[in-house]
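Trainee: Can you walk me through this model before I set anything up on it?
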Amino acid sequence: MKRVIIVGGGASGMMAAVAAAGRGRQVCLIEKNEKLGKKLFITGKGRCNVTNAADTETLLANVCTNPKFLYSAFYSFDNRAVMDFLEQAGCPLKTERGERVFPVSDHSSDVIAAFRRELEKRGVEIRLHTVVKKLCVEDGRITGVILEDGKKLSADNVVVCTGGISYPSTGSTGDGYRFAEETGHRVTETRPALVPFNIEEEWCGQLMGLALKNVSLRLICGKREVYEGFGEMLFTHFGISGPLVLSASSFYVPGGNTEVMLDLKPAMDEEQLDKRLLRDFEGNKNRQFRNALGGLFPIKLIPVMIALSGIHPDKKVNEITREERRSFVNLIKNLPLTVTGTRNFAEAIITRGGVSVKDINPSTMESKKVMGLYFAGEVLDLDALTGGFNLQIAWSTGHLAGSSL
């Protein structure tokens with residue numbers, strides 16, 4: 001019986017182990033932490049957005065880096081296959097807004113428990129608190145791994161599922177990149193992705209804790225618009241966060257001038273918004289400007305918008321000129337924020353960059369450099385937007401690797 005070692009007990013590693021053992025391989029799953037699925041446990045604020053129920057083309061459209069590489073993986077083990085697997089393993093699922101799929105219980109621990117049961121059922125050997133130091137390669141073929149204590153474990157195949165370097169407290173410390181480089185693979189530049197933005201404007205801090213729903217966001221790097229989205233965002237002490245911002249961060253290009261442009265009223269164009277403002281002013285014509293905006297913005301946002309407008313807060317609304325009103329409409333539709341960078345890997349949901357897919361066979365996940373060596377999951381140069389798409393990458397690539405051994 002062929003012996004397989006899988007390095008990393010996260011999403012892709014557990015799925016690779018299930019697939020390999022299901023095909024009659026003797027599987028050893030090695031995890032440096034005290035338990036499997038440590039990062040999975042905190043995914044989706046502990047609820048675990050396991051996948052997205054959209055069609056496969058939509059899944060691919062939400063992949064930011066190297067989507068074509070994933071055709072074989074996504075079509076051979078798609079979101080329906082993931083959902084079927086989890087439900088048959090005793091973890092019932094539900095689909096929420098945006099086609100996001102969660103455990104019915106809202107507990108990520110139920111997803112991990114389902115995998116644990118399947119691994120045990122298939123006879124997978126699980127080694128916790130075990131650190132792999134390096135990969136063993138002889139004559140262009142993988143022969144096993146060396147553990148931290150110096151012991152060698154022999155294997156016919158090794159699958160590297162070590163994740164990236166986001167949330168390093170969960171054990172994602174970049175080991176897989178080192179393994180890849182030591183065995184002759186290219187590793188592309190890594191940076192935080194699905195991560196909040198640091199913002200220059202001090203008024204952001206005044207709005208800390210304020211969440212805005214149904215706003216539009218454009219990200220402009222240099223003079224080029226690289227992202228536009230609609231959804232929910234949050235002001236923080238350092239800048240902005242929330243689902244909309246996290247998605248935008250996947251398109252952020254470091255260096256140069258970067259600006260976020262917010263449209264606080266995307267359902268109306270400037271003409272419609274101007275008419276709305278006129279109606280509000282008409283109903284409050286003897287009021288001061290500061291007291292006439294309650295119907296437009298959350299209370300916390302009003303002083304900031306007044307300060308940015310340049311209109312004196314005590315000015316009566318019936319004294320506001322057409323030019324001032326038009327300028328205010330433009331501000332509401334194009335509220336600028338200066339991006340100074342992103343937060344670091346400790347706050348990033350995923351890592352952008354990784355083992356170059358040019359060195360990996362997309363039909364099997366096997367290395368083109370070393371026979372019998374496979375890579376799967378976040379260690380690869382693959383990343384997607386929020387909504388369950390990154391976990392789908394992990395499940396699909398892990399399953400393809402485990403099935404192809």
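Mentor: What follows goes from the overall picture to single residues.

Trainee: Fine. What am I looking at, and which cut-offs on confidence and atoms apply?
Mentor: This is a predicted model, so local features need pLDDT of at least 70 and side-chain atom pairs count only at pLDDT 80 or more, while totals for chains, interfaces and linings use all residues. Residues are numbered from 1 along each chain as its sequence is written, and side-chain values use heavy atoms, with hydrogens and water left out.

Trainee: What are the spans along the principal axes, and how many helices and strands are there?
Mentor: The C-alpha trace spans about 85 × 40 × 35 Å along its principal axes. The secondary structure comes to 13 helices and 21 strands. Helices (H or I, at least four residues) and strands (E, at least two) are DSSP runs, numbered from the N terminus.

Trainee: What share of the residues is buried?
Mentor: Of the 405 residues, 55% count as buried. Buried means under 20% relative accessible area, exposed over 50%, and partly exposed in between, with a 1.4 Å probe and protein chains only.

Trainee: And the contacts, what share joins residues at least 24 apart?
Mentor: Among contacts between residues at least 6 apart in sequence, the share is 72%. Contact means heavy atoms within 4.5 Å.

Trainee: Which residues have the most contacts inside the largest nonpolar core?
Mentor: Leu86, Val145 and Val158 do, in a core of 79 residues. Helix H1, residues 11–22, gives the most to this core, with 8 residues. Another core lies apart from it, with 47 residues, among them Val215, Ala248, Met268 and Phe328. A nonpolar core is a set of buried Ala, Val, Leu, Ile, Met, Phe, Trp, Tyr and Cys residues joined through side-chain atoms within 4.5 Å.

Trainee: What does Leu86 touch?
Mentor: Not counting residues up to four places away in sequence, Leu86 touches Val50, Cys91, Leu93, Val111, Ala114 and Phe115.

Trainee: Switching to helices. Which residues of H10 are buried?
Mentor: Leu273, Asp274, Arg276, Leu277, Asp280 and Phe281 are. Seen down the axis of H10, the buried residues fall within an arc of 160°, so they line one face of the helix. The arc is that of the directions from the helix axis to the C-beta atoms.

Trainee: What does that side pack against, and what is on the other face?
Mentor: The buried residues of H10 pack against helix H12, residues 322–333. The face turned away from the buried side carries the exposed residues Lys275, Arg279, Glu282 and Gly283.

Trainee: What caps the N-terminal end of H10?
Mentor: Asp269 does, with a side-chain oxygen 3.1 Å from the backbone nitrogen of Glu271.

Trainee: Now strands. How do S14 and S15 pair?
Mentor: S14 (residues 211–221) and S15 (residues 224–235) pair in the antiparallel sense over 9 bridges. Two strands pair if DSSP finds at least two bridges between them. S14 and S15 form a hairpin with 2 residues between them, and Gly222 in the turn has a positive phi of about 70°.

Trainee: How does S15 connect to S16?
Mentor: A hairpin joins S15 to S16 through 3 residues. S15 and S16 (residues 239–241) pair in the antiparallel sense over 2 bridges.

Trainee: Is Asp263 buried or exposed?
Mentor: Asp263 is buried, with a relative accessible area of 12%. Asp263 lies in strand S17, residues 258–263. The side chain of Asp263 makes a polar contact with the side chain of Lys333 at 2.9 Å. A polar atom of the Asp263 side chain also lies 3.0 Å from the backbone nitrogen of Lys265. A polar contact is a pair of N or O atoms within 3.5 Å; within protein, one must be able to donate a hydrogen and the other to accept it, and residues adjacent in sequence count only if both atoms are side-chain atoms.

Trainee: Where is Lys315?
Mentor: Lys315 sits in the loop between helix H11 (302–309) and H12. The side chain of Lys315 makes a polar contact with the side chain of Glu324 at 2.9 Å. The C-alpha atoms of Lys315 and Gln288 are separated by 5.3 Å, with the two residues 27 apart along the chain.

Trainee: Last one, what is the phi of Asn66?
Mentor: Asn66 has a positive phi of about 55° although it is not a glycine. Asn66 is in the loop between strand S4 (63–65) and helix H4 (71–76).
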